Amino acid sequence: MMANVKMTLYRYKLLVLIFLGNILIGCASVENNKRDPLESMNRAVFAFNEKFDDYVMEPVAKGYRAITPDPLEMVIGNVLSNFSDVVITANALLQLKFDAAAASATRVVINTTFGMFGIIDIASDISAVSDINLSKRNEDFGQTLGRYGIGPGPYFVIPFLGPSTIRDAIGIAVDSSVFHPIWSVYPDFDFLTVRLPASAGWSVDTRAQMLDTDKTLEEAALDKYEFVRDAYLQRRRNLVYDGNPPEEEGLEINGNNESIDDEIEDEDVIEDGDKEKKKNNEVIK
């Protein structure tokens, strides 16, 4: 029975990958609302996710934080972080970032052995007190695709998971199916007793870490949907280009969130108005 469940899950993942891949190819040339052509649908899913978070995830995360001692919460976070270092190592290698791959692989070895399967983040402690840089990296398959010139495709909101793009959704599927230890490296792990609880624990722990940012987000955003979308797209673009993204043609933004093209157009209008005003003054004289 479990074999049939596993086969069904793998087939589902394969179909999702094929579907998203076709959308990515078809929409790669689509550019704001070129970046968000599915806005009406996205807003509906975003509203659903907000309600789900209000009534389910946030209360569960608050309860988890309330009953879990801080040391235990840190241990759980460390173990989950150690698993993610395997994903980071694989993607760093695919992107030919050998320094990052070596550092992440070293983190896995040190934290898994001396850190007792990731319970203690010894690698970060070593990095903090020495010149050896074993700090946590951030790489995933979505970034790997971006590294090799695959565009993000249209922005869309995934039910329960939140903001994404077609490229990043493919990245999530590949990372979880191919690289992540819990879901792929050890395929004999039972779904109901290991994989599902691990996924739920990761979701709750991640949500608990975000509790402190909720108030800031609510206060900062007039339109929460746009705020989340723009912040997500900007962050992902910075990650793909390692913090040094090239200027987007036709989408360069100034400090007032206005495109440079619009700013130049406004300057031309002002300049034409000044010339006309000057001409009228000369006629009056």
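Ala123 is placed in helix H5 (residues 122–129) of a predicted model; helices (H or I, at least four residues) and strands (E, at least two) are DSSP runs numbered from the N terminus. The relative accessibility of Ala123 is 0%, so the residue counts as buried (buried is under 20% relative accessible area, exposed over 50% and partly exposed in between, with a 1.4 Å probe and protein chains only). Leaving aside residues up to four places away in sequence, Ala123 touches Arg107, Ile110, Asn111 and Leu134, a contact being heavy atoms within 4.5 Å. From C-alpha to C-alpha, Ala123 and Val108 are 8.4 Å apart in space, with a separation of 15 residues in sequence.

Residues are numbered from 1 along each chain as its sequence is written. Local features need pLDDT of at least 70 and side-chain atom pairs count only at pLDDT 80 or more, whereas totals for chains, interfaces and linings use all residues; side-chain values use heavy atoms, with hydrogens and water left out.

The protein chain contains twelve helices and two strands, and 33% of its 285 residues are buried. Along the sequence the elements follow the pattern α-α-α-α-α-α-β-β-α-α-α-α-α-α.

In soluble globular proteins, nonpolar side chains tend to be buried together. The largest nonpolar core has eleven residues, among them Val87, Phe141, Leu145, Phe156, Ile158 and Phe179; such a core is a set of buried Ala, Val, Leu, Ile, Met, Phe, Trp, Tyr and Cys residues joined through side-chain atoms within 4.5 Å. Two or more residues of this core are given by each of helix H3 (70–94), helix H6 (141–147), strand E1 (155–158) and helix H7 (166–179). H7 supplies the largest share, five residues. A second, separate core of eight residues includes Val45, Phe46, Tyr232 and Leu233. Beyond four places in sequence, Leu145 touches Ile150, Arg167 and Ile170.

Helix H2 (residues 39–67) packs with helix H11 (residues 224–240) at an angle of about 105°, and their axes are 11 Å apart. Axes are lines fitted to C-alpha atoms, for helices over the stretch in contact, and angles run from 0 to 180 degrees between N-to-C directions. H2 and H11 are therefore roughly perpendicular to each other (65 to 115 degrees; under 35 is roughly parallel, over 145 roughly antiparallel and the rest oblique). Glu39, Asn42, Arg43, Phe46 and Glu50 of H2 make the contact with Lys224, Tyr225, Glu226, Val228 and Arg229 of H11. Arg236 is also placed in H11 and counts as buried because its relative accessibility is 8%. Its contacts, apart from residues up to four places away in sequence, are Asp140, Gly142, Gln143 and Asp168.

Leu96, in the loop between H3 and helix H4 (98–113), has a positive phi near 60°. Phe117, in the loop between H4 and H5, has a positive phi near 60°. Leu96 counts as exposed at 53% relative accessibility, and Phe117 counts as exposed at 64%. Most residues other than glycine have a negative phi.

The mean pLDDT (the predictor's confidence in each residue, from 0 to 100) is 80 for the protein chain, and 72% of the residues score at least 70. Confidence is highest in H6, at a mean of 97, and lowest in helix H12 (residues 260–284), at 47. The pLDDT is below 50 over residues 1–8, a stretch with six contacts beyond near neighbours in sequence. Residues 25–31 stay under 50 and have four contacts beyond four places in sequence. Where pLDDT is low, the predicted coordinates should not be read in detail.
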